[in-house]
Amino acid sequence: MHKLFSKIKAINFAVTLLFVFLGFSLFNLQIVKGEEYSQIAENNFVRVKSILPIRGEIYDQKYRPIAINKSSFNLYITLSKIRDRRQLIEFLENSLLLKAEETEDVLYRHRFYLYQEILLLQNIAYEKVIELSEKLDRFPSLQFKEESIREYLYDNHFTGYVAKINQEEQTRLKEEGYSINSIIGKTGLEKFYETKLAGKSGYEVIQVNASGKDLGFLKHNIQKPPSHGHDLILTIDNELQEFISKIFPADLNGSIILMDVPTGGILAYVSNPEFDQNIFTGKISAEVWNEINQDPRKPMLDRIIHGTYPPGSVYKPVMAGLALETNKINLNTKFSPCEGGIQIGNRFFKCWYEDGHGRLTLLDAMKYSCDVYFYELSLLFSLDE
């Protein structure tokens, strides 16, 4: 009987000791380290990861490329993983020439996206990626990704260009699936056909830990693949486009359109001076941006659709062609000298050049766009013609 009591006493002591240990552990978990573990628990949850679509490419009428996608190494940052803000900013400034104020601006604008990967830089040279990859273990907030980026094969205005979406655009287009990392058409055909070219983003639902690592606890990670954008086939002929660009005097401002009259298709579209749209696919420096904006020739101005020209000059080649076709004149036909205008009935019609062009042949009248010559030419036709 004495031995039985001894055993019961020993068991009671062991159970009491166990409860004391459990009580101490609970106290340690909930009181001493409660805040720490609470934060860890909050960071272990399901996240939706956006999968960007591949943008449709642009081709000429013979399926020759104009705007394509090429491989690009891009740098992303996750704000919740930043260990030392000052060291990170210094690293980016010294290694990638990203100014401190630019990094601070990115961190501030995306301060509410702590757990989302933010696109920081695009189109980083492969050699630079190799060089920096060994140093990223000190900066877990940074990650390189190989993705696609736009490349324009020749300078032009009609395609426009793409760039990273801004805050206003992202707010307006959020319901259509655009994220803070989306690339969007800013001008030209890239903007006009944005919904066709861009496609639709997909997503992947994953469970991650506090470090952002996929835990793989879900039996099947839920995902929806992206819908890639449609390609765009233009009426542009690359050979004609290149030919006209080459013969256009480099020191002159102006524009040339070559149209297929029966169909109305534009075969060539040249606005001079042109600019390289590829400067917008990566990080554009303040120096380059200021140089373009302050250029007195305004290379980003599309003179075909934004230039202001007297509309009457459009009809001069039409009138000249009709007159030659009906044998009313030839290339050397001259009329009365232009003296700055012509009197017809009770009205005086001015020429754009007040001093007058003098007597001109048809070719010279076309060359100098003499209004008086074509006023006189119009008198050779009746309204019925």
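**Notebook: a look through the predicted chain**

I started at helix α13, where the buried residues are Asp371, Val372, Tyr373, Phe374, Glu376 and Leu377; buried means under 20% relative accessible area, exposed over 50% and partly exposed in between, with a 1.4 Å probe and protein chains only. That makes six of the eight residues in α13 (371-378), a helix that is mostly covered. I then looked up what these buried residues pack against, and found α11 (316-325), β13 (341-344), β14 (347-350) and α12 (362-368). Contact here means heavy atoms within 4.5 Å.

Residues are numbered from 1 along each chain as its sequence is written, and side-chain values use heavy atoms, with hydrogens and water left out.

**Whole chain**

I noted 13 helices and 14 strands. These are DSSP runs numbered from the N terminus: helices are H or I with at least four residues, strands E with at least two. Of the 385 residues, 35% count as buried. I also checked contacts between residues at least 6 apart in sequence, and 69% of them join residues at least 24 apart.

**Strands β11 and β12**

Next I went to β12 (residues 265-272), which is largely enclosed by the rest of the structure because seven of its eight residues are buried. Its partner β11 (residues 254-260) runs antiparallel to β12 over seven bridges; strands pair if DSSP finds at least two bridges between them. I found Met259 opposite Ile266 in β12. The two strands form a hairpin with four residues between them, and Gly264 in the turn has a positive phi of about 80°.

**Helices α3 and α4**

I looked up how α3 (residues 85-96) and α4 (residues 100-109) cross: their axes come within 9 Å, at roughly 125°. Axes are lines fitted to C-alpha atoms, for helices over the stretch in contact, and angles run from 0 to 180 degrees between N-to-C directions. On the α3 side I listed Arg85, Ile89, Leu92 and Glu93, which meet Ala100, Thr103, Glu104 and Leu107 in α4.

**Asn166**

Last stop was Asn166, in the loop between β6 (162-164) and α6 (167-173). I have Asn166 down as partly exposed, at 34% relative accessible area. Ile183 is 17 residues away from Asn166 in sequence, and the C-alpha to C-alpha distance is 9.3 Å.

Notes:
This is a predicted model: local features need pLDDT of at least 70, side-chain atom pairs count only at pLDDT 80 or more; totals for chains, interfaces and linings use all residues.
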